[in-house]
Amino acid sequence: MAIISKAFFSPLSRLPGPWHARFTRLALKRSILTGKRMYYVHDLHAKYGPVVRIAPDEVAVADPEGVAQIHRIGSGFLKGPWYAGINNAPELGIFAMVNPKDHSQRRRLFAKAFSNTSLRQNWEPTIHEKVKLAVSKIKDDIQQKKEADMLKWWTLMATDLMANLSFGESFHMLEQGEKNQYVRVIESAMVTSGIGYELPWVYSILRRIPLNAVQVIVNSREFIIEYGGKAVDNMRQHGSGSQNLFGNMMAACEDSDKENFSDLSVRIEAANLLVAGSDTTANTLTYAVWCALKKPDLQRRLVAEVGALGSDYGDADLEKLPLLNAVIDETLRLYGAAPGALQRTVPRGGATFANHFVPEGTMIETQAYTSHRDPNIWADPLSFDETRFLDPSKLTKDQKQAFLPFGGGTRVCIGIHLARTELRLALAHFFRECPKAKLASTMTDTEMEMENFFLIAPRGHRCMITLE
Ligand code: HEM
């Protein structure tokens, strides 16, 4: 009865969308489990317009004003149930927190450590060191095996760096050329919790399978929390001169009676940051190199721009390079790492988007994949054209509003400065050291098509390059 009433009599029944979305989220679920969610929703927008009912309780919005309204600071659109649903920890970390008071307290605690000033002062040398090691490994591979996998080396680099920041010690994966057990457990736990949200019965089946590899995933929560002890130990040993991000945060907490940051929270946030800051940056870097190598003239100009820097350049110099930053922004437009559903809940009183009323409590989502390809906002939206970003003062109001590779409002990515610093330092060093890089002849465009399991990754899970 409730299904019939929701399908035909709720205000949602007046929204455009496929007929089956009134009754079931099966089609949406299928797209999620096959890594095609952003494409599925994009096609629905193309067919039904900027406001689409995609499931009985779920609506997607691509109208630029609507997107801005949802992500505006203080908008009241809080994170939807998906975030807590995939949470694999005894309490919510900064990424999944819903309550605005809890979130703003945690965010305040993190803000200083993630500011541009603090990153440059405390972490730029470490980032540079990792970048140099990654590029030297890439060159070694090309010399010894004729080819190097960009995705592999950027992933090891970004993860080692996040380990330094979160745990206070490197995982030395760049040196070893492979991921360690903690990272492998976290990765499989993420996949399983994503699948488990859509198919909750999967967990009860997994629990009954007596294979060691399966039990490692089933017990991943305990393993991750246990391992997080390293972050706590390093934080405690070094205090505010700590070798990880949490030392200063804990010191700030101890000086204030308003803040609350337990050891358990540190363990959980260390894992959160590792996940949020590794594949995101690594995939973006991989796509940036791929896009530049696909356009030899762009590659030549980029090589010339970064080649003209003195040998002691730093991120403050890179920030001023128009082409380098334009290439990064255009990569983020077309291949931003989290371009799919950012789910929120419609606040009390409901909301209206492009003349469509959506009642309170509905799950609502926006996706950068669609906003970044809106032909009314971006000329020739599917082509990689870095010139759009060469002069940021020429971006239109709509473009500024629709460009959301890092999300928006109070939930905008906290790692935005860190990510941009890493992207700049890595691309500059790579194109200075490997000006003659080219795509390996075995690489196909199909391998670089994006799969979408919240984050994106190249379908082929590699990006092979060589030297001319
Ligand atoms: C190119 C790289 C990156 C991209 C494209 C990216 C993208 C995003 C996006 C779209 C969100 C918003 C998610 C939402 O609203 O549901 C987000 C949030 C977040 N990101 Fe990133 N991210 C990147 C790198 C990083 C790095 C390096 C860190 C390292 C710490 C990080 C940490 C976080 C955290 C903690 C949040 C949650 C913030 C909050 O809710 O207050 N990200 N990111």
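**Note on the predicted model: ligand site and selected loop residues**

1. Aspartate 380 is found in the loop between helix H22 (368-371) and H23. The model under review is a predicted one. The phi angle of aspartate 380 is near 45 degrees, a positive value in a residue other than glycine. Most residues other than glycine have a negative phi. The relative accessibility of aspartate 380 is 53%, and the residue therefore counts as exposed.

2. A positive phi also occurs at lysine 146, which is not a glycine; the angle is about 75 degrees. Lysine 146 belongs to the loop that runs between helix H8 (124-145) and strand E4 (148-149). Because its relative accessibility is 61%, lysine 146 is classed as exposed.

3. Turning to the ligand, its iron atom has Cys413 as its only protein donor, through SG at 2.3 Å. Cysteine 413 sits in the loop between helix H23 (397-402) and helix H24 (416-433).

4. A polar side-chain atom of arginine 411 lies 2.9 Å from a ligand oxygen. For lysine 79, an N or O atom of the side chain is 3.2 Å from an oxygen atom of the ligand. With isoleucine 94 the polar atom belongs to the backbone, and its distance to a ligand oxygen is 3.4 Å.

5. Lysine 79 is buried yet forms no salt bridge. Which side chain of opposite charge is nearest to lysine 79? That side chain is glutamate 269, at a distance of 11 Å.

6. Finally, glutamate 178 is placed in the loop between helix H10 (173-176) and helix H11 (181-198). Its relative accessibility is 49%, so glutamate 178 counts as partly exposed; the cut-off for exposed is over 50%. Glutamate 178 and leucine 156 are 22 residues apart in sequence, while their C-alpha atoms are 7.1 Å apart in space.

Key. Residues numbered from 1 in each chain as written. Predicted model: local features only at pLDDT ≥ 70, side-chain atom pairs only at ≥ 80, totals over all residues. Heavy atoms only, no water. Donors = N, O, S within 2.8 Å, 3.2 Å for Na, K, Ca; no water. Helix = DSSP H or I, 4+ residues; strand = E, 2+ residues; numbered from the N terminus. Polar contact = N/O pair within 3.5 Å; in protein donor to acceptor, adjacent residues only side chain to side chain. Buried < 20%, exposed > 50% of the residue type's maximum accessible area, 1.4 Å probe, protein only. Lys, Arg positive; Asp, Glu negative; His and termini not counted. Salt bridge = Lys/Arg side-chain N within 4 Å of Asp/Glu carboxyl O.
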